[in-house]
Amino acid sequence: MSRNGIPGRPGWLLTIAAASGLVLTVIVGPALQAQEPTEANIASGRRLYHQKADCQACHGWSGNGDKLDSQAPDGANLRVSTLDREQLIFVIKCGLPGREMPAFDRMSYKDDRCLGRTQADLDRMGLELPDAGVSLQNREIERLADFLMTKVIGKGEMDRATCIDFWGEEVDVCGEFQP
Ligand code: HEC
């Protein structure tokens with residue numbers, strides 16, 4: 001009698017797995033597609049990185065930590081970073097107090113958006129936060145994240161092809177990489 005139950009099991013599991021796979025595809029699929037960054041948003045994020053936010057001063061133009069400003073702190077190598085999009089946005093908004101990464105959200109440490117901490121808390125903990133110089137709006141931070149997630153975070157060392165893809169065209173600086 002029990003022989004009947006045993007071969008039956010994998011069948012049940014498969015059915016459940018297939019069914020939940022289907023459900024996941026149906027529910028998650030369209031949501032992910034809606035978040036797919038557009039070329040325009042990626043390009044806009046790249047300009048924010050290089051110009052307005054000047055992330056490259058500390059992180060280098062490609063994000064590899066080869067800072068452009070010799071006086072600036074040593075930024076992390078973002079090309080080997082394992083942060084996900086949500087964590088990335090959090091770090092951009094709230095910075096890394098005590099580790100020389102500035103906060104780019106104007107309201108950071110003024111209300112509770114940075115783990116509920118205020119500037120007074122940071123002072124009490126002896127954690128310094130460098131001045132970002134500029135603040136970014138939410139939609140700018142979203143575009144920066146579009147750019148960083150598609151071209152920088154976890155993308156590893158650059159070569160000629162990734163350099164051209166990074167800029168969206170062949171630029172002089174890509175000549176420094178082997179074809
Ligand atoms: C004043 C220099 C400076 C500027 C400007 C700066 N950063 Fe940073 N950033 C740092 C430093 C320093 C670290 C932390 C290094 C460490 O202690 O690990 C860091 C860390 C990070 C991390 C965490 C990486 C990881 O995997 O843990 C991210 C993400 C990041 N920066 C993104 C940015 C972005 C995006 C910008 C521009 C909006 C920016 N940074 C501007 C200095 C800077």
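This is a predicted model: local features need pLDDT of at least 70, side-chain atom pairs count only at pLDDT 80 or more; totals for chains, interfaces and linings use all residues.
Reader: How many helices and strands does the protein have, and what pattern does it follow along the sequence?
Author: The protein has 7 helices and 0 strands. Read in sequence order, the pattern is therefore written with helix symbols, helices being numbered from the N terminus. That pattern is α-α-α-α-α-α-α.

Reader: What percentage of the residues of the protein count as buried?
Author: A residue counts as buried if 20 or more other C-beta atoms lie within 10 Å of its own. Among the 179 residues of the protein, the share that counts as buried is 22%.

Reader: Among contacts between residues at least 6 apart in sequence, what percentage join residues at least 24 apart?
Author: Two residues are in contact if their C-beta atoms lie within 7 Å. When the contacts between residues at least 6 apart in sequence are taken, the part joining residues at least 24 apart is 49%.

Reader: Which residues is Ile 141 in contact with, leaving aside neighbours within four places in sequence?
Author: Ile 141 is one of the core residues that touch the most other members. Once its neighbours within four places in sequence are left aside, the contacts of Ile 141 are Ile 89, Ile 92, Lys 93, Phe 104 and Leu 136.

Reader: What span does α2 reach from its first C-alpha to its last?
Author: α2 has 12 residues, and at 1.5 Å a residue the expected span is 16 Å. The computed span, from first C-alpha to last, is close to that value, at 17 Å.

Reader: Why do the buried residues of α2 line one face of the helix, and which helices do they pack against?
Author: In α2 the buried residues are Gly 45, Arg 46, Leu 48 and Tyr 49. Seen down the axis of α2, these buried residues fall within an arc of 160°, so they line one face of the helix. The face turned away from the buried side carries the exposed residues Glu 39 and Ala 40. The helices against which the buried residues of α2 pack are α3 and α6.

Reader: Which residues are the closest to the ligand?
Author: The shell around the ligand divides into 18 nonpolar, 3 polar and 4 charged residues. In total, 25 residues surround the ligand, and the closest are Ala 53, Cys 55, Cys 58, Ser 81 and Met 101.

Reader: Which elements give two or more residues to the shell around the ligand?
Author: The ligand is surrounded by 25 residues. The elements that give two or more of them are α3 (56–59) and α4 (85–94).

Reader: Is Met 101 buried or exposed?
Author: Met 101 is found in the loop between α4 and α5 (119–125). With residues up to four places away in sequence not counted, Met 101 touches Val 91, Gly 95 and Leu 96. Its C-alpha atom is separated by 9.6 Å from that of Glu 128, 27 residues apart along the chain. Because 21 other C-beta atoms lie within 10 Å, Met 101 is buried.

Reader: Is Leu 115 buried or exposed?
Author: Leu 115 lies in the loop between α4 and α5. Although Leu 115 is not a glycine, its phi is positive, about 55°. Because Leu 115 has 9 C-beta neighbours inside 10 Å, it counts as exposed.

Reader: Is Gly 63 buried or exposed?
Author: Gly 63 has its place in the loop between α3 and α4. Leaving aside neighbours within four places in sequence, Gly 63 is in contact with Leu 78, Arg 79 and Val 152. Because Gly 63 has 25 C-beta neighbours inside 10 Å, it counts as buried.

Reader: What distance separates the C-alpha atoms of Glu 157 and Asn 64?
Author: Glu 157 lies in the loop between α6 and α7 (160–167). Glu 157 is exposed, with 11 other C-beta atoms within 10 Å. Glu 157 and Asn 64 are 93 residues apart along the chain, and their C-alpha atoms are separated by 7.6 Å.

Definitions and conventions: Residues are numbered from 1 along each chain as its sequence is written. A residue is near a molecule or strand if its C-beta atom, placed from the backbone, lies within 6 Å of it. Helices (H or I, at least four residues) and strands (E, at least two) are DSSP runs, numbered from the N terminus. Ala, Val, Leu, Ile, Met, Phe, Trp, Tyr, Cys and Pro count as nonpolar, Asp, Glu, Lys and Arg as charged, and the others, Gly among them, as polar. A nonpolar core is a set of buried Ala, Val, Leu, Ile, Met, Phe, Trp, Tyr and Cys residues joined through C-beta atoms within 7 Å. A residue is buried if 20 or more other C-beta atoms lie within 10 Å of its own, exposed if 12 or fewer, and partly exposed in between; C-beta atoms are placed from the backbone. The expected span of a helix is 1.5 Å times one less than its number of residues. The arc is that of the directions from the helix axis to the C-beta atoms.
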